[in-house]
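Hi,

Here is the structure I said I would pass on. Have a look at it first, and then read my notes below.

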Amino acid sequence: MLSAWTLGVAGWSISIVSEDADLRIAPSGVSNRFCVTDVAPDLVLTVRREVRRISEDARCTFDSGGVWISHETATDFWISLRSALFLSAPYLVARISKNQPTGELYVHPNYAQGRTLDPLEYPLDELLFLGLIAKGQGLEVHAAGVDAGPHGGWLLLGHSGAGKSTASGLLIESGLGEILSDDRIVLRRRDSKGGSEWWMFGTPWHGTGAHAVPRGCPLKRIYVLSHAPVTRLGELPRSVFTAEIVARTFHPLYAPHVLAYTLKSIEHLTQDVPCRTLAFRPDREMPWVLASDSVPSTQNISLG
Amino acid sequence: MAADLKRKKPYNKPTLTQVDLRPDEAVLGACKTASAVGPGGGDCNIALGGCATAGS
């Protein structure tokens, strides 16, 4: 029995294939919304039921201190997911070829036993897409994304607790737009009349508001969120905005050779898209403050 | 052109700005919320052993 599907995020795609008749796999939850067809995938992964340990000659490139750890050999990148329930070996291992857009996902037999498994379950899906996004000079940011129709796309950057999901809820109530995601947004440039422009895209990796829409819109404004007793917009030097965006960007830590692309993309982003701080009180006024933000679309203050 | 060369940029005193960085969120090593593991949903299986802190 062949199981196969392709997951697409912001124009990048990963295909999953399995020929193991005894291995039940399927995309889970919100990922189903992001399944695509008729695309040439950027990466094809074959799923195998197998206990897989990392070779001793593999070099550790990053240890998250949590679920995942990455290694590198001469020919491949490896990402292992580990759990206290599987002490002897990782419960999921991804091998990605350095030279081909292919690889394997090794699922520990005990992990797959008796249930339907999504081999691209979080955080592996996000880690793999991060590599594709960075190589493609895109960015994944910790942000809510709002398609505000005629106002354009608004990016609400924030760490946990900054108010991304709260702000998303207020914007929905106001009727000003649709939330593409309340936690993770992918940014990339697309060709347009007269050059290129930044677009933002929803992702499967949503927040507590569970907003995850598999489409994008042109990005017009970036806001760095914080709490305040009264909603107000603010300015910062471009250098500080750049640092704030770097701090809220997900970097491909297991592939440091593409980190330079990420930093360059952030530099272009702050050149191209107006940035503000948004200190907000969670009330009905906040969405209208954003809607009335009328700074010309080509300016960012550049004090340093 | 000489006039342009003579025109100096305004001087801005160097300042030090601290930016809040959340390494536990940045490395994707944690669950997304305190009440729901994985990306804000209940179907992520890293509840089997790996979650540490809220990350959404």
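**Salt bridges and burial**

Arg49(A) counts as partly exposed, since its relative accessibility is 35%. Keep in mind that this is a predicted model. The partner of Arg49(A) in a salt bridge is Asp20(A), with 2.9 Å between the closest N and O atoms. That pair ties together distant parts of the chain: Arg49(A) belongs to strand S3 (residues 43-49) of chain A, while Asp20(A) is in the loop between strand S2 (12-18) and S3, and the two are 29 residues apart.

Over all chains, the count of salt bridges comes to 24. Another one joins the side chains of Asp183(A) and Arg184(A), at 2.6 Å from N to O. Both ends are out of the solvent by the numbers: Asp183(A) is buried with a relative accessible area of 0%, and Arg184(A) is buried with 1%. These two also belong to a network of salt bridges that links them with Glu126(A), Glu140(A) and Lys164(A). For contrast, take Arg281(A) and Asp283(A), whose side chains meet in a salt bridge at 3.2 Å, N to O. Here Arg281(A) counts as partly exposed at 43% relative accessibility, and Asp283(A) is partly exposed too, at 21%.

**The cores**

The largest nonpolar core has 49 residues, and the members that touch the most others are Ile14(A), Ile16(A), Ile79(A) and Phe129(A). Helix H2 (residues 124-135) of chain A supplies the largest share of this core, with eight residues. There is also a second, separate core of 21 residues, including Val141(A), Ile185(A), Cys217(A) and Leu219(A).

Leaving aside neighbours within four places in sequence, its contacts include Trp68(A), Ile69(A), Leu92(A), Val93(A) and Tyr254(A). Leu124(A), Leu127(A) and Leu128(A) are also among the contacts of Ile79(A).

Which residues of helix H3 (residues 164-174) of chain A are buried? They are Lys164(A), Ala167(A), Ser168(A), Leu170(A), Leu171(A) and Ser174(A). Down the axis of H3(A), these buried residues fall within an arc of 165°, so they line one face of the helix. Just after H3(A) comes Gly175(A), with a positive phi of about 75°.

Helix H5 (residues 259-272) of chain A has 14 residues and reaches 20 Å from first C-alpha to last, close to the 20 Å expected at 1.5 Å a residue. Thr262(A), Ser265(A), Ile266(A), Leu269(A) and Thr270(A) are buried in H5(A). They cover an arc of only 130° around the axis, so they sit on the same side of H5(A).

Last, look at Glu244(A) in helix H4 (residues 238-247) of chain A. Glu244(A) counts as buried, because its relative accessibility is 12%. Setting aside neighbours within four places in sequence, Glu244(A) is in contact with Val224(A) and, from chain B, Val19(B).

Cheers

Methods
Residues numbered from 1 in each chain as written. Chains lettered and ligands numbered in written order. Predicted model: local features only at pLDDT ≥ 70, side-chain atom pairs only at ≥ 80, totals over all residues. Heavy atoms only, no water. Core = buried A, V, L, I, M, F, W, Y, C linked by side-chain atoms within 4.5 Å. Buried < 20%, exposed > 50% of the residue type's maximum accessible area, 1.4 Å probe, protein only. Helix = DSSP H or I, 4+ residues; strand = E, 2+ residues; numbered from the N terminus. Contact = heavy atoms within 4.5 Å. Arc of directions from axis to C-beta. Expected span 1.5 Å × (residues − 1). Salt bridge = Lys/Arg side-chain N within 4 Å of Asp/Glu carboxyl O.
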